[in-house]
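Please look through the structure shown here. The briefing below goes through it topic by topic.

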Amino acid sequence: MRKREITFDEVLSYLEKLPYNRFKEAVNHYSIHTKANLEKEMDIMVTLNFQQRLEKLNINSTCPYCASQIIVKNGKRNYFQRYKCQGCGKSFTLFTNTILEKTKWHWDIWIKVLEMTLNNYSLNSMKTVLEKDYGCIGISPKTIFLWKHKLIHALASFPMPKLTGAIQIDETFIREAQKGSKNLISYIDKVDVRKPRYGRIPSKFGVMGSEFATVTTAIDNRGYSVSKVSCLGKLTKNLLVDLFEGHFDNPSYICSDANSVYEDYCNLFDIPHYIKPSNYLKVLNNYGYGTPDYSNPITSKQTRDKNQKVLEGLYKDNMIDYISNRGTMLYEEFFLLKRANNLSLGRVNELHSDIKQFIYGKMTNVSTKYLQDYIGFFTYKRNWRVTNGYYPVSLKDTEIIFMEILKSKVNYTITEITNKTLELPKPTTRYISLLKSETEKARIATGNKYFKFDEEDGVKTFNKREYLLDQPKSKLYAICKAHAMKKYKPLALYSLVSAIIKLSDIDTIIYKLIMTDRHYDVADEDLEAIKSMAYKI
């Protein structure tokens, strides 16, 4: 049977339905067989296609410089329609001040690159897809990195949400990194040289110094979150106010660990503050809290009764979770309030786990100068999931997000990416000197060569009096008893602390008190380094 020849109109109809990568294949096939160079025509088609799409989205329908609505057409250059503002007199195109400025890639390729970025493709995987499916032969990993980073920066620039209700907040710490940099900079001290790190090399002074970037995270009971790279080293109240006050919408509670920064913040804004120390479980175990044997009703009840007394006693001394700034309440009243308002740190701890997995796993670490972009990108995707019920993975979702990027008019040039420098608040030279000195003394006093100060230790300025004044009286009484001090119970708190400070071994007392209050003996980074060297603890 003779095959029917297709008509020219049918060919056109078929071509109109082809995705760009298949259409480009057809054009290349035609070029090879006719020896015609259609590269210029393809570039023109890409330009015109984009201009039509931008017009439909009303991109730059007003002047991108002064927002004037009085604009007129001003001729064409290289097939780009130009416009002139009658207000400020500046000339522009629909691409001006958008992520597409100076682009040469088709809409479909941008969508595919964004889709691969959202799905955490590696640079090599992206290169393979672009070369194999879209004809981007010879595209370099560096070009893809810069392209990918433009998109990541655009999504990270979207406003983060307002959090409400019970808000959980805490820091997590990402080791300072200079991945991809040829000239390494030391942030510890001017005399120190920043050497390349190979393998698991622990920090010198831990998260209180400038060897870690502090990522402060907050999440409400709906699941919406805000995460920001706050500083190198110790977070301060002023930084917390600057970065997060605008994201808190009349919170009913702020839930945190025992870091005094959050206590100061809650007192400043008169917000109820739920505190759960990180050594919560360790304290319960040390004071005899047990697991009931539910197979035996009699012993089970005895254990529960005992546990209740343990909880009430520890709660009275502020040694477990409590609400710090709403006066005195009985444990039973506190427990009911805690359960009714879902006060905990579960969500923020899960958020930290996800951040670490994203940065160290999916991204295989990130240079600290780009860390805020990656944290913002992570936060955008997570909040998108809360709004929509799933992560954006499909091309349809990607196209919607890409149109949001275009409307946001966020532009990030290659020059800005390559010249990016680290701009984060760092600890002062004086603070680092004190940290170094106190760390050495603490290691000797505790016999722990891995000792590093932690953000939850309650050490604000290495002022002994200030530290002791923040401790519950039960701990201060224990110190007095151990040193055979007399008539200490009638003393007021300030006088009691003054008497303890006069003890000859006050430094050792404080350092050992810090170690006792922790839920760990050796920091995770040191444990990992020890294991990697096959040492045994």
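Lys409 counts as partly exposed because its relative accessibility is 32%; buried means under 20% relative accessible area, exposed over 50%, and partly exposed in between, with a 1.4 Å probe and protein chains only. Lys409 is found in the loop between α14 and α15 (414–418), where helices (H or I, at least four residues) and strands (E, at least two) are DSSP runs numbered from the N terminus. Lys409 also has a positive phi of about 55°, although it is not a glycine. Most residues other than glycine have a negative phi.

This is a predicted model, in which local features need pLDDT of at least 70 and side-chain atom pairs count only at pLDDT 80 or more, while totals for chains, interfaces and linings use all residues. Residues are numbered from 1 along each chain as its sequence is written, and side-chain values use heavy atoms, with hydrogens and water left out.

**Other loop residues**

- Ala67 lies in the loop between α3 (39–56) and β1, and has a positive phi of about 70° although it is not a glycine.
- Ser68 lies in the loop between α3 and β1, and is buried, with a relative accessible area of 15%.
- Not counting residues up to four places away in sequence, Ser68 touches Thr62, Cys63, Cys85 and Gly87; contact means heavy atoms within 4.5 Å.
- Ser122 sits in the loop between α4 (107–118) and α5 (123–134), and counts as partly exposed at 37% relative accessibility.
- The side chains of Ser122 and Ser125 are joined by a polar contact of 2.9 Å. A polar contact is a pair of N or O atoms within 3.5 Å; within protein, one must be able to donate a hydrogen and the other to accept it, and residues adjacent in sequence count only if both atoms are side-chain atoms.
- Ser122 and Phe145 are 23 residues apart along the chain, and their C-alpha atoms are separated by 9.5 Å.

**Hairpins**

- Strands of a sheet pair through backbone hydrogen bonds, either parallel or antiparallel.
- Strands β1 (residues 71–77) and β2 (residues 80–85) run antiparallel and are joined by five bridges; two strands pair if DSSP finds at least two bridges between them.
- The hairpin of β1 and β2 has two residues between the strands, and Asn78 in the turn has a positive phi of about 55°.
- Strand β2 is also joined to β3 (residues 91–93) by three bridges, and the two run antiparallel.
- Arg82 stands opposite Thr93 in β3.
- The hairpin of β2 and β3 has five residues between the strands, and Gly89 takes a positive phi near 80° there.

**The six-stranded sheet**

- An open sheet of six strands has mixed pairing and the order β6-β5-β4-β7-β8-β9.
- Its edge strands are β6 (225–232) and β9 (322–323), each of which pairs on one side only.
- Strands β4 (residues 166–175) and β7 (residues 253–256) pair in the parallel sense over three bridges, and Ile167 stands opposite Ile254 in β7.
- Helix α12 (residues 346–362) lies across β4, β5 (212–220) and β6, at about 30° to β4. Axes are lines fitted to C-alpha atoms, for helices over the stretch in contact, and angles run from 0 to 180 degrees between N-to-C directions.
- Helix α13 (residues 371–388) also lies across β4, β5 and β6, running at about 170° to β6.

**Helix packing**

- Two packed helices are described by the angle between their axes and the distance between the axes.
- Helices α6 (residues 141–156) and α14 (residues 395–408) pack at an angle of about 75°, with their axes 10 Å apart. That makes α6 roughly perpendicular to α14; angles under 35 degrees count as roughly parallel, over 145 as roughly antiparallel, 65 to 115 as roughly perpendicular and the rest as oblique.
- In this contact, Leu151, Ala154 and Leu155 of α6 meet Ile401, Phe402 and Ile405 of α14.
- The residues of the contact of α6 with α14 divide into six nonpolar, no polar and no charged. Ala, Val, Leu, Ile, Met, Phe, Trp, Tyr, Cys and Pro count as nonpolar, Asp, Glu, Lys and Arg as charged, and the others, Gly among them, as polar.
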